[in-house]
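Okay, everyone, thanks for coming. Let me put the structure up, and then we'll walk through a few spots together.

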Amino acid sequence: MSPDRFHPPRFFGAAVLTALAGWLFPALGLGQEMQYPLTIAAREQTLFIVDRNLPGIWKVEDGKRTLFFQGSKQLRTPLNAPRSIAVDREGRLLVGDSATREVYRLDADGKAEPLTGGGIGIPMGIAVTEAGDLLVSDLELECIWKVPSDGGKPEKFADVPAPRGVALDAEGRLWVVSRRDNELLRVTAAGKVETVIKGRAFGFAHDIAMDSQGNVYISDNYAQTIWKLDRAGKPVSWASGKPLVGPVGLAWQGDKLFVADPQAKAVFQIDGQGQITAVPAEPAASASAASPDG
């Protein structure tokens, strides 16, 4: 049958056609939308977004969205369950994956290199020290791991209950969002754990980020809010409500805070006055994406 004589059956709705496009052109990302944008990293003018359900990583540049890495749907394969993302000192992506209990480094072509030999449980957050080492929060094993910049066996840096997002300040201290009794902790360079906020101050805190002045921002999924700590260390609502639905991942790029919202299936940007707008991310006309096999 020639293409001009093919007519889809009447039951072929838009959803079915979209699904077919995603099946026919998975490497191009054509016909696919962001399904569950969980966390985000910024490199110069480019955003990289972890899509937990795709599974994979989207790249947003100049208002265009392309598929940078396509994971496999097969369980326990590399980046089948990506959860965290960061950029190392050389501009390479670092992605934490609970499917393989691993942190991967991705090169410019999206080829994934395992760094720990499966030495992590559930890597919820990644921060990179001045020396290039990785500090990884592990929700399952309830600790912070230190991973050499070139990879290797993780070394326990600190015991932290139910850690999620992490961020390093100018003094080299690691700030950690926790889902236990005290929701905001800080770990010194020597590995000593300090309590920043006692008790439960948030609905469901997920991630933490710092601006160039050292101000601290925390995403709250349940409260649909981005909190900012005041000078006394008290959280104050900085941006909240629609279009935010369930904000999770945070990343600063210049003077804007970018927010991954899996419930809205979108990424938002917030300016210095707390104004929230959606990030333009139209699918590019064509793109290429790496697979787990590189």
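This is a predicted model: local features need pLDDT of at least 70, side-chain atom pairs count only at pLDDT 80 or more; totals for chains, interfaces and linings use all residues.

Residues are numbered from 1 along each chain as its sequence is written, and side-chain values use heavy atoms, with hydrogens and water left out.

Glu44 is not a glycine, yet its phi is positive, about 55 degrees. Where is Glu44? In the loop between strand S1 (37–43) and S2. Strands, by the way, are DSSP runs of E, at least two residues, and helices are runs of H or I, at least four residues, numbered from the N terminus. Glu44 counts as exposed because its relative accessibility is 68%.

Arg76 also has a positive phi, near 65 degrees, and is a residue other than glycine. You'll find Arg76 in the loop between S4 and S5, and with 68% relative accessibility it counts as exposed.

Is Ala81 buried or exposed? Buried, because its relative accessibility is 4%. Setting aside neighbours within four places in sequence, Ala81 is in contact with Arg52, Gly96, Asp97, Ser98 and Ala99, where contact means heavy atoms within 4.5 Å.

Now, cis peptide bonds. One joins Leu54 and Pro55, with omega about -15 degrees, and Pro55 sits in the loop between strand S2 (46–51) and strand S3 (56–61). Another runs from Lys242 to Pro243, omega near 10 degrees. Pro243 is in the loop between strand S20 (235–240) and strand S21 (249–253).

On to salt bridges. We call it one when a side-chain nitrogen of Lys or Arg is within 4 Å of a carboxyl oxygen of Asp or Glu. How many salt bridges does a search of the whole structure find? The count is 16.

Take Arg89 and Glu130: their closest N and O atoms are 3.8 Å apart. That pair links distant parts of the chain, 41 residues apart, with Arg89 in the loop between S5 and strand S6 (93–97) and Glu130 in the loop between strand S9 (123–128) and strand S10 (134–138). Arg89 and Glu130 are both exposed.

Next, Glu183 and Arg200 form a salt bridge at 3.5 Å, N to O. Glu183 lies in the loop between strand S14 (174–178) and strand S15 (184–187), and Arg200 in the loop between strand S16 (193–197) and strand S17 (205–210), so this pair ties together parts 17 residues apart in sequence. Glu183 counts as buried, because its relative accessibility is 0%, whereas Arg200, at 45%, counts as partly exposed.

Last pair: Lys256 bridges to Asp255, with the closest N and O atoms 3.7 Å apart. Lys256 counts as partly exposed at 28% relative accessibility, while Asp255, at 54%, counts as exposed. And there's a network as well: salt bridges with shared partners join Asp88, Glu90, Arg92 and Arg105.

That's the tour. Thanks, all!

Key. Buried means under 20% relative accessible area, exposed over 50%, partly exposed in between (1.4 Å probe, protein chains only).
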